[in-house]
Every structure is written in C-alpha cells, then in structure tokens.
Amino acid sequence: MEESAFNMKSESEYRHDIIEVCRRIYQKGYVASNDGNVTVRMSEDEILATPTGMSKGDISSDQLIKVDMDGKVIAGFHQPSSELKLHIRAYEKRTDVRSVVHAHPPISTGFAVAGIALEQMAIPEVITTLGRIPLAPYGTPSTEELAHTIDEYICSCNAILLANHGALTVGPDVFSAYYTMERVEHSAHIIWVAKSLGGERPLSKESISKLAEIRKKMMSGNNARCATCPLLQAEMDKEHNRADEQELIDLIARVTADVIRETGGMRVLKNGVMEVKMD
Ligand SMILES: [Zn+2]
C-alpha cells in the first residue's frame, strides 16, 4: 500500500482530529466510561495517543500524550493505555497505517463475544471496501499476547473484531479509521437484523467475483495489498470447495441409489428409518 508522508498536519491539528473522533465514538455509544483508544502516528517514532482512564466524551487535546514506538511516554502528563500495544503492533506490521481506532461498539462486540466473524459475503459495500471483517482470537487485556492476536489479519484487513473484546480499525488518517469503525458497526447491525429475520443470504460466487473486481479497480495504485486480499480469495476458494463438496455428495447419492436399486430396493421401518434390502 502506498504510504502517506508523515507530518501532513501540525501537531495541534492532529490533536484536534483525535478529540473530534473521540467525541464521535463516545456519542455513537461505541465506548462506555473510559473504554477505547485513538492514536495517530505523526512520525517514524512519535505516536499521539489518548491516555488511560479518561472518558472519550470529555477528554481535551492537552490531555493527549505522545509515546514512542516502544510505548514510552515522551510528552504529556498521563499514562498510556495498556491497549496501546495493540496500536503499536498495527503500526509495526503496516507502515502505511497512520491511525488506529479501538472501541467496543455494542453490536460488533456482540458478534465478537459470540465468536462470530463478520465474514458473511452478503453486503456489497463491505466486500468492495473492507473485503471482510475477521475475528482475531482472544488475548488477555494489557498483555503482549493481546497485541499479537491481530498478526494474522492486520496485513490484509483494515478492520478486525477482537474476540470477547471489541473492534479495531486502521487507516491512512484518523477519520478514515473512524469511518471504517462506523462501517463495521453498521454492517454488524444489518447482519444482526438479517439473522433475526431468518438468516442472511450470501451473494453468489459470481456476484462476489464481480465485487472483488470492482474492489481491485478501486484499490489499485493506492491500496494494492488489499486489492488482492488473501482472506477474500480464501472465501472464494471456500465457495469453490463447497461446490466440489456438493458434487461429491450428489455422486455418493447417485451411487447409493444405483446400489440400492441393483440390490433389490429398500423398505421403510415403523420409526421412519430406511432399511436397505440386501437380498
Ligand atoms: Zn478494549
């Protein structure tokens, strides 16, 4: 992916942007109390971050802290969040990422707590913009283990559900990361409603392929790595395998029917079980 230059804005502009996003995630109910954290990577070794123990509803720009890529505070009077490790991991793995937003939006987090990824190939906008939203395994809060749970997904995904925890989104700036969080929660809401109405209907393999093509065109140049999202490809391969599986099931059914016919048929027992007559 193309990397945007560092220091596109002044530090005070970055501070202002983070506070604006904090207000939005709080007003949207994506966090409660002191939950969630927002960071911007301003330079190679400078991250502007929300500190621990403060509500995103009333934090002010002078309360933000500056940390280095080891998580050490280099400016500010407050302590970093234990979840900062998760943000630093995203920056380490993705040199194109300039901002990380972590929150606990209730519907997406409900899916994460239920152990269900938002991988349903059912919403065109999600396929063309995000590919899919995987579920990273659970990691104990405030440990290094939590940071490494995203390793498998962060290189190809801008949004990840964190099992039994919440959601994490990344982007080239803080508003992109925030809007991705909005899309994740909105998608989770739609899938939840669809499930309550009898279940979502996945798009056909052909429709997914067309959307993947659109995605490729949309992403080419500035987001090439995501354009060939390995997870999206895996989903299409799964569709192929499902088709192969169905062919196998049909073949077994045909052979079984032939065998039954050749061996003299079958009869239905009282309990409804089919008994094959072998002689
Ligand atoms: Zn959290």
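Leaving aside neighbours within four places in sequence, Leu64 is in contact (heavy atoms within 4.5 Å) with Arg15, Ile18, Ile19, Leu48, Ala49, Thr50, Pro51, Ile59 and Gly76. The structure is a predicted model, in which local features need pLDDT of at least 70 and side-chain atom pairs count only at pLDDT 80 or more, while totals for chains, interfaces and linings use all residues. Residues are numbered from 1 along each chain as its sequence is written, and side-chain values use heavy atoms, with hydrogens and water left out.

Leu64 lies in the loop between β2 (46-49) and β3 (65-67), where helices (H or I, at least four residues) and strands (E, at least two) are DSSP runs numbered from the N terminus. Leu64 counts as buried because its relative accessibility is 1%, the term buried being used for under 20% relative accessible area, with a 1.4 Å probe and protein chains only. The C-alpha atoms of Leu64 and Pro80, which are 16 residues apart along the chain, are separated by 9.3 Å. Arg15, one of the contacts of Leu64, belongs to helix α1 and is likewise buried, with a relative accessible area of 16%. When residues up to four places away in sequence are not counted, Arg15 touches Leu48, Ser61, Asp62 and Leu64.

The zinc ion has as its protein donors Glu83 (OE), His102 (NE2), His104 (NE2) and His165 (NE2), at 2.0 to 2.2 Å; donors are N, O and S atoms within 2.8 Å of the metal (3.2 Å for Na, K and Ca), and since water is not among the atoms, sites may look incomplete. The angles among the four donor atoms run from 79 to 156°, and the site is irregular, because four donors count as tetrahedral if all angles lie between 85 and 135 degrees, four count as square planar and six as octahedral if opposite donors are over 155 degrees apart and all others between 65 and 115, and anything else is irregular. Along the chain the donors follow the spacing E-x18-H-x1-H-x60-H. Distant parts of the chain are linked by the pair of Glu83, in the loop between β4 (73-75) and α2 (84-93), and His102, in strand β5 (residues 99-103), which are 19 residues apart. Glu83 and His102 are both buried.

Taken as a whole, the protein chain contains ten helices and ten strands, and 45% of its 279 residues count as buried. Among the contacts in the protein chain with a separation of 6 or more, 62% are accounted for by residues 24 or more positions apart.

Key: Buried means under 20% relative accessible area, exposed over 50%, partly exposed in between (1.4 Å probe, protein chains only).
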